[in-house]
Amino acid sequence: MDVINYSLTRDKYDSMFLPRSKYSDLGKLNEVRIQDNAILVRFDGYDLRIQGTADGIIKFTWTDGPVMPVADPEFVKPAQDGQMYRIGNNTLSLESDGFSIMDGSGITMHREFFPVFAETITHSFEIHPGDMVAGLGERAAPLNISGHVFRLWNHDANGSYGPDSDPLYLNAPVILHGHAGKFTLLFYANAGDATVDAGYSNERRVSFSFRSKPLAYYIITGSLDSIYEKLSRITGKPYRPPYWAFEFQQSRYSYMNSREVRDLVDGFVSRGIPLGAVYLDIDYMDRFKMFTFDNQRFGDIGQLTEYMRERGVKLITIMEPSVKMEPGFELYDEGLRNGHFVRYPDGNVMYAPVWPEMAAFPDFTDANTREWYASKYDFMRSMGISGFWHDMNEPAIFVAWGDNTMPRSAVHSIGRHEEVHNLYGYYMDKAAYDHLSRIERPFILSRSGWAGISQYAWIWTGDTETSWKELKQNILTILHMSLSGITLTGCDIGGFTGSPTPELFIRWLQASLFFPLYRVHSDKKSKRREPWAFGDHEKEVIDVIRLRHSFVPHIYSEAVSSSESGVPILRPLFWVEPDNPVMMTVDDEYMIGDSMIIAPVVEEHAVARKITLPKGRWYNINDDRIVEGSFTMDVDLGTVPIFVREGSAILRENNGIELHLYPGSQMSRRVFYINNGNDDARVEIEFDGGNIAISPPKVPGIKSIIMHGFSGGDLLLNGETIKTGDGVINLML
Ligand code: MIG
C-alpha cells in the first residue's frame, strides 16, 4: 500500500512542480577578451568564462547552477597570441565550432564543440580510433567504454546486477580520454541526471547531455599521475584511513544476534585466521529505526563489543538515511521539529517507504542537518561500534513503479532533487566523516557517492551477482572508479546474490587481494561463507586470507601515499606504459601503486594463465624469478600470480613487518609509511643489490629487511657492513 501511495504522490508532485527544461540558444559569438584571470567569450545567449592554471587545468564555465562541492585551483592570467591564447603550459584556440587545447609541444590534447542548449545541455568532444575512454565512476562496463551509452544517476540496482547493468549506485562525471601516452581528463561539476554517449552514435564523439545546470567543467592534461593529482585538488584528496580497515572483514545479511557474532569471532580466533571487523546488517535494529538496537537480539551490545575489542575485532553497523515516521521516536520528532527533512515544493515533508516502512529523509546537503544527524553517531560509538556502513543512500526507495528514488521535484537546501541527486549519499558520508574525524580517523563504507568521495568514505560495488563473468567485471568496475579518482574501494567477495562454488569463492578472494576493502558479504539466501563453511577447501580459503593479511602494511602504505598525492592506489596496466596500445587491452590484471601487478586467475577450471607485463623486469613474487613481457604460466587453485617491478620495496606482515627489497640494476628510491597507532612514520629508502640506506635509520615495527635476488656476500646498511649469507637482515626491534 505504502509503495503505491508513494508512487502516486511522487508522480503528482513531479507533474505539478517539475519545470520542463528548455534552455535558450547559444546564438552567435560576439566578442572575446581577456578580463582579469579569464578569457571571456560572449555569445548571444551565454557568457563563457575560461580560466586556467599554470600546470594544465582549464575550466570552462558556461552557466551557473546549484553549488557543487568543488574547489577551484589557483588560476593564472591568460595571454593572447594572435588567434590563440596561452594558459599556463597549454594553448587554446578558438575555432568556428569549438575549441582545441594543445600541449607545450603543439599536440592537440582535446577538441570540443560549442554546447547545444535545448531540452538538455549537450557538450561534446572528439575521440579517435584507438583512444582509451574510461571513468564515469562505478561502471559494469569494459575497460574501454567507447561504443557504449551510460547514464549518470545514482541507482539502487535492486538486489542484483552483472556486466552491462547501468547505471549503478555511484556515478562520477569524470572521464579520461586519449592514446599514445597523451591523456586528457574532463570533470563536470554537475550532480544532476545526464546521459553519456561515449562514441556510440558517432564513433568520433563523446557527448554529455545534462538535464540541469550548471555547465561547468575542468579539462586536465599532463601525465596520468599529474592528472589525478590535479583532479584531487578540485574534488578533494582521499583521506588517511585507519589501519585496521584494511584487514579481512566478515559480513553477512545478517548475523542475527550477539551469540552468533561471538561464535563467529571465536571461529576465527580458534583457527588463528586474521579478522579485522564484523558487520551487522539491518536486523540489529529495532524495527529498522536508526540508532537503536533490537533488545532481544542485541540487548547486550556493549558486552559484545567489549568481547570483540579484547580479541582485536571491530564491529561495524549498517546505517540508512531513512528515519521511521513514528511519532514518539525521538530522532523523527527532532528532525520534524527542527526542519531537517527533505520536503516537497509546497512545504510538506516528503515521506517514502523503505525498510522502516514510511520514513522521512534528512536533507544532508544542509550543514545543520548534517551536524544534527551525525551527532547521533556518538551513541553508536558509546556502544563500542567502530565503523559505519552507509547503505541505501542513492537514495533508494521502495516503489510500485517508476524510479526507485526520491521525487525529482523534492527540495534540498542547494537545489531541486533532480539537480543534486548524485550528491545525496556524498553528503550523508560527509556528515558522518566531519563529525567522527574530530576524534579519530573514521571508517565509513558507502554504497553511493560522487567524484571526490574518497575524502570521506570507502565504496563497495554493491549487490553483484555471483558468477565468473561478474568476478572479471568487478576488477574493471573497481578500475573505472580509480580512473575517476575514487580510490578506497572493494566488493562483496564471492558476489552478493548466490552461493559460489569453493573454486569461485577462492578465485574471488584472490582477485580482490589488493582491493583496499577486503570484505566477504552476501545476501540472506546465500549459503554460509565463513572460511570453515568450505569443507575440504577450508585450508585454501584461509591461505588466501593470510596472504592478504601479509600485504596489509603495504596496501596501507599505498593508501597513505594516495592520500598525499591524489593518485589512485589501484591502476590499469596502461598507467605504467601509456604509449603501448597492448597495455590498453589488458583487462584482467591490475597494479597496486607502481610496484606490483596481480594477474589473478578468473577462469573456471583454469590450468594455465596468460600473463602480460609492461616493459621492464619483474620478479615473480612466488619464486623470485625475473620475468618479462608476455608468457603463459601453469596454475592450480592455490596460484596467485603476483609480480614486483625491479627497484620496488614491499612491506609484509609476518609477526612484525618485513621490508622486502627487489633491487634493479640501478639505485632506486622509495618512500613508504609505517603505521604506529594514530601516526605514521614516513620512511625513505635507497637501495640496489648491495647497498641500503634507510631514513630514519630505526623504524619501529620493521623486524627485518629481505634482499631478493641476493647471490651472497655482504650487505651495506646505512654504511655499515652486515654479514648475511641469505640476504636477510634481522633488525633489533
Ligand atoms: O534492500 O541491508 O547492498 O549489502 O546486505 C537491500 C540489506 C538492502 C543492500 C546492500 C546489501 C545489504 C542489504 N541492502
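Predicted model: local features only at pLDDT ≥ 70, side-chain atom pairs only at ≥ 80, totals over all residues.

Tutor: Helices and strands here are DSSP runs, numbered from the N terminus, with a helix being H or I over at least four residues and a strand being E over at least two. Residues are numbered from 1 along each chain as its sequence is written, and side-chain values use heavy atoms, with hydrogens and water left out.

Ser 100 has a relative accessible area of 4% and is therefore buried, a word that stands for under 20%, with exposed meaning over 50% and partly exposed in between (1.4 Å probe, protein chains only). Its contacts, meaning heavy atoms within 4.5 Å, include, beyond the neighbours within four places in sequence, Thr 91, Leu 92, Ser 93, Glu 95, Thr 108, His 110 and Arg 111. For Arg 111, which is 11 residues away along the chain, the C-alpha separation from Ser 100 is 4.3 Å. Glu 95 also takes part through its side chain, which makes a polar contact of 2.9 Å with the side chain of Ser 100; such a contact is a pair of N or O atoms within 3.5 Å, where, within protein, one must be able to donate a hydrogen and the other to accept it, and residues adjacent in sequence count only if both atoms are side-chain atoms.

Thr 305 is buried because its relative accessibility is 9%, and a polar atom of its side chain lies 2.7 Å from the backbone oxygen of Met 383. Apart from neighbours within four places in sequence, Thr 305 is in contact with Leu 315, Met 383, Gly 384 and Ile 385.

Turning to helix 7 (residues 367–375), the buried residues are Thr 369, Arg 370, Trp 372, Tyr 373 and Ala 374, and among the elements covering them are helix 6 (330–337), helix 8 (377–382) and helix 10 (424–436). Where helix 7 starts, a side-chain oxygen of Asp 366 comes to within 2.8 Å of the backbone nitrogen of Asn 368.

Helix 12 (residues 502–511) has nine of its 10 residues buried, so it is largely enclosed by the rest of the structure. Its buried residues pack against helix 11 (468–482), helix 13 (538–565), strand 31 (492–493), strand 32 (519–520), strand 34 (590–592) and strand 35 (596–598). One of those buried residues is Glu 503, which is also in contact with Glu 603. Glu 603 sits in the loop between strand 35 and strand 36 (608–612), and its relative accessibility of 43% makes it partly exposed. The side chains of Glu 603 and Lys 472 are joined by a polar contact of 3.3 Å, while Glu 603 and Lys 469, which are 134 residues apart in sequence, have C-alpha atoms 8.7 Å apart.

Some backbone features also deserve a look. Most residues other than glycine have a negative phi, and most peptide bonds are trans. In the loop between strand 13 and strand 14, Asp 164 has a positive phi near 80 degrees, and this residue is exposed, with a relative accessible area of 60%. That loop, which runs between strand 13 (148–152) and strand 14 (171–179), also holds Pro 167, and the bond from Asp 166 to Pro 167 is cis, with omega near -5 degrees. A cis bond, with omega about 0 degrees, also joins Ser 695 and Pro 696.

Finally, the whole chain comes to 13 helices and 49 strands. Its radius of gyration of 26 Å (taken over C-alpha atoms) is close to the 27 Å that the globule rule gives for 733 residues, so the chain is as compact as a globular protein of that length; the rule is 2.2 Å times the number of residues to the power 0.38. Buried residues make up 62% of the 733, and of the contacts with a separation of 6 or more, 67% are between residues 24 or more positions apart.
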